[in-house]
Amino acid sequence: MPASPPRNEHAMHFNRLDLNPLVALNVLLEEKNVTRAGERLHLSQSAMSSTLARLREYFQDNLLVPVGRRMAPTPRLRTIPRPPPPTTADGRRCLLAIFSGLTSLK
């Protein structure tokens with residue numbers, strides 16, 4: 001019997017989606033700027049852009065589009081109610097609420 005792949009105990013997954021990029025999406029919605037969102041999460045602009053690209057591919061929607069020097073949510077993303085920012089105690093619940101809203105539109 002083959003050995004199980006190593007598990008990342010801190011990664012959250014739901015329906016093939018790593019939920020950690022949803023934290024990045026929430027910060028992108030607050031900052032409306034890929035570079036500043038990356039700085040808040042201690043990620044490079046390139047890493048933040050890559051995270052957004054993965055989310056766009058998964059949800060088959062642009063989610064955020066450039067408008068001038070800022071990012072604006074697409075009509076689809078605007079229909080999703082945003083939960084309050086996650087705390088340590090309820091972070092998973094908040095992220096699952098975001099995810100539920102996105103998948104209901106998929």
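1. Phe59 is buried, with a relative accessible area of 1%. Buried means under 20% relative accessible area, exposed over 50%, and partly exposed in between (1.4 Å probe, protein chains only). Tyr58 is buried as well, at 13%. This is a predicted model: local features need pLDDT of at least 70, side-chain atom pairs count only at pLDDT 80 or more, and totals for chains, interfaces and linings use all residues. Residues are numbered from 1 along each chain as its sequence is written, and side-chain values use heavy atoms, with hydrogens and water left out.

2. Aromatic rings come next. Rings of Phe, Tyr and Trp (its six-membered ring) pair if their centres lie within 6.5 Å; planes under 30 degrees apart are stacked, over 60 edge-to-face, the rest tilted. The count is one aromatic pair. The ring centres of Tyr58 and Phe59 are 4.8 Å apart and their planes stand at 85 degrees, so this pair is edge-to-face.

3. Where is Asp61? Asp61 sits in the loop between helix H3 (45-59) and strand S3 (64-67). Helices (H or I, at least four residues) and strands (E, at least two) are DSSP runs, numbered from the N terminus.

4. Asp61 is buried but has no salt bridge. That term needs a side-chain nitrogen of Lys or Arg within 4 Å of a carboxyl oxygen of Asp or Glu. The nearest side chain of opposite charge, Arg76, is 4.5 Å away. Lys and Arg count as positive, Asp and Glu as negative; His and the chain ends are not counted.

5. Now the whole chain. The protein chain has five helices and four strands. Their order along the sequence is β-β-α-α-α-β-β-α-α. Of its 106 residues, 39% count as buried.
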